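User: I would like to learn how to read the features of a model like this one. Please take me through them one at a time.

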Amino acid sequence: MKFPGSVLVSLVLFVAETAAALCLSGAYRAAGDRMWQWLTLLFALLPCALVQLSLVFIHRDVSRDRPLVLLLHLLQLGPVVRCVEVFYIYFRAGRVEEPYVSITKKRQMPKDGYSEEVEKEVGQAEGKLCTHRSAFSRTSVIQAFLGSAPQLTLQLYICVLQQEITAARSIFMVLSLLSIVYGALRCNILAIKIKYDDYDVSVKPAAYLCIFMWRSFEIATRVTVLVLFSSVLQIWILPVVLVNFFGFFFYPWILFWQSKSPFPENIEKALSRVGTTIVLCLLTFLYAGINMFCWSAVQVKLNDPDLINKSQNWYRLTVYYMLRFIENAFLLLMWYIYKTDFYVYVCAPLLVLQLLIGYCMAVLFMLVFYQFCHPCKKLFSSSISEGLLSCFKFLCFICKPPRSTVLTDKAEVKSLENTDEARSSSKTIDSQKGNPHQSVSSNA
C-alpha cells in the first residue's frame, strides 16, 4: 500500500500558511495597517472555509451521522481530522483481514502496440485511502488558487508599496508560492488520472520535476507582472483582472449553452437543481481562478457526465500561451512607460527581459513534459511537436491571403504585362512603317 505522502504535504502547507497568515495579520494590526490586516485575513479564511465544504461534500458527511466531524469542520480543523484518519487507516491496514475486496481492471501502457488488461484486488482500506488522496488533491487546488495566489499577490504588492521586505512577509510569500506550485502540480496529476482512468498511470520523478519547474516559472512571472503593473496603474489593474476572471468563468457556460445539452443532474443525487447550480458555479469559479495565474490542466466541460473535457486540445493550449505572453508583454510595457521614481535604482529593461525569459522557460519545461515525460504520451494521437506545428500552420493559413485573390492578382499582373508588350510591339511596327529607308538599310 502506497504511503499517503501527498496528504501529509497538503496538510503541512495548509497549516503553515494559515498560521503564517494569522501571525502576519496580527503584525499588521500592531502596526496600524487595518486594510492589510483584513485583506490578509480574508484571503486566509475564505479558502479555508471552501476547503471544509469540499471535504464534507466529497465524504458526504451531511448524510452520515458524524456530528463530531462536522463540528471540527466548523472549527476549521477538518484537514487535521482527515489526516489523522488517513494515517489511522494506513497503519491498521493488514492487521485485520478484509471482509471483502473489490476487483478493478486497469490497462497497462501500450507496449509494441498492445495493451494488456490487469485485474487488481482493492481492499476497503486502500479504497478509503484513495478517496482521501483524491479529496486532499482537490483541496490543495482550492487552497492554492483561491487563497495562496491572491495572498502572494497582495503581500508582494505591500512590499513594493512599503519598499520593505520583512522576514515574516518573506517566509509567508515563500509558503504561498510553494502552495500554489504544489496545487498546480496536483491539478496536473489529477487531470491525467481523470482523462486516462482506464489505465494504470505511474508518474515518474522526472515528470514531477518538469511540472514543478514549469509551474514555478509560470506562476512567479505572472504574479510579478501583475504586481508591477498594479504598482503604477492602480485603477487599470481592476479591468485587467475582471476581464480575465469573468472571461474564463463564463467560457464553460457559453460552450454549454451553445451545445444545447440538458442541465446536468447526475452530480449528486441528494442535491436539488439549485444545489447543482451552486456546485457548478463554484467549479467554474475555481476554473477561472486557476486560469488567472496559469494554464488549467483540467478543462471544464459542463455537458459531459464527468464535467471534464478528456480530449487533448493542442490548439487551445497554444492560443492560451500566445495570448498570455502578449498580455504579459503589454503589461510590462505599460509598467515601463509609467514607472515611478521608486524604480530609479532598478534596471527596468533587464527586469522586463528576465520576466519574459522566465515565462519562456515555463513554456520550455511544459514542452519537455508533454514531449518526453508525460506518463501517457504513448496514448496521444499526436505529439506536442506535431500539434504545435499544425497550430502554427493553421495560424499561417489564417494570416495568408486567400488563394483566389492571389491568383486574380497574378492574372491581372500578367494581363498588364501582355498589354504593355503588345503596345510596345505596335509602336515598333508603326515606327518601321514611318521610316522605310531605315527598314531597307536594316535589311541590307
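Analyst: Start with burial. Buried means under 20% relative accessible area, exposed means over 50%, and partly exposed lies in between, with a 1.4 Å probe and protein chains only. This is a predicted model, where local features need pLDDT of at least 70, side-chain atom pairs count only at pLDDT 80 or more, and totals for chains, interfaces and linings use all residues. Residues are numbered from 1 along each chain as its sequence is written, and side-chain values use heavy atoms, with hydrogens and water left out.

User: Is Ala21 buried or exposed?

Analyst: Ala21 has 1% relative accessibility, so it counts as buried. Across the protein, 41% of the 444 residues count as buried.

User: Where does Ala21 sit, and what is it in contact with?

Analyst: Two terms first. Helices (H or I, at least four residues) and strands (E, at least two) are DSSP runs, numbered from the N terminus. Contact means heavy atoms within 4.5 Å. Ala21 is placed in helix 1. Setting aside neighbours within four places in sequence, Ala21 contacts Thr40, Ala44, Gln151 and Phe172. Its C-alpha atom is 9.3 Å from that of Gln37, 16 residues apart along the chain.

User: What about Ser6?

Analyst: Ser6 also lies in helix 1, which spans residues 5–31. Ser6 counts as buried because its relative accessibility is 19%. Beyond neighbours within four places in sequence, Ser6 contacts Arg133, Tyr182 and Arg186.

User: How many helices and strands does the protein have?

Analyst: The protein has 14 helices and two strands. Contacts can also be sorted by sequence separation. Among contacts with a separation of 6 or more, 74% join residues 24 or more positions apart.

User: How should I read database annotations against the model?

Analyst: With some care. UniProt positions are given in the numbering used here, feature names are shortened, and annotations may be inferred rather than shown by experiment. The unreviewed UniProt entry lists residues 1–20 as "signal peptide". In the model, residues 1–20 are 80% helix and 0% strand, with end C-alpha atoms 34 Å apart.

User: Which residues does the "transmembrane region" annotation cover?

Analyst: According to the unreviewed UniProt entry, it covers residues 35–58, 167–185, 235–256, 277–298, 318–338 and 350–372. Compare two of these with the model. Residues 35–58 are 100% helix and 0% strand, and their end C-alpha atoms are 35 Å apart. Residues 318–338 are also 100% helix and 0% strand. The end C-alpha atoms of residues 318–338 lie 30 Å apart.

User: How do I describe two packed helices?

Analyst: Two packed helices are described by the angle between their axes and the distance between the axes. Axes are lines fitted to C-alpha atoms, for helices over the stretch in contact, and angles run from 0 to 180 degrees between N-to-C directions. Angles under 35 degrees count as roughly parallel, over 145 as roughly antiparallel, 65 to 115 as roughly perpendicular and the rest as oblique. Take helix 3 (residues 67–74) and helix 4 (residues 78–92): their axes come within 7 Å and cross at roughly 135 degrees. Helix 3 and helix 4 are therefore oblique to each other.

User: Which residues meet there?

Analyst: Val69, Leu72 and His73 of helix 3 meet Gly78, Val81 and Arg82 of helix 4. The contact residues divide into three nonpolar, two polar and one charged. Here Ala, Val, Leu, Ile, Met, Phe, Trp, Tyr, Cys and Pro count as nonpolar, Asp, Glu, Lys and Arg as charged, and the others, Gly among them, as polar.

User: What should I look for in backbone angles?

Analyst: Look for a positive phi in a residue other than glycine. Gln76 has a positive phi of about 65 degrees. Gln76 sits in the loop between helix 3 and helix 4, and is partly exposed at 29% relative accessible area. Gln163 has a positive phi near 55 degrees. Gln163 is in the loop between helix 5 and helix 6 (167–195), and is exposed at 54% relative accessible area.

User: How many disulfides are there?

Analyst: A disulfide is a pair of cysteine sulfur atoms within 2.5 Å. By this rule the count is zero. Cys130 is partly exposed at 49% relative accessible area, and Cys360 is partly exposed at 42%. Cys159, in helix 5 (residues 124–162), counts as buried because its relative accessibility is 5%. The C-alpha atoms of Cys159 and Arg169 are separated by 8.3 Å.
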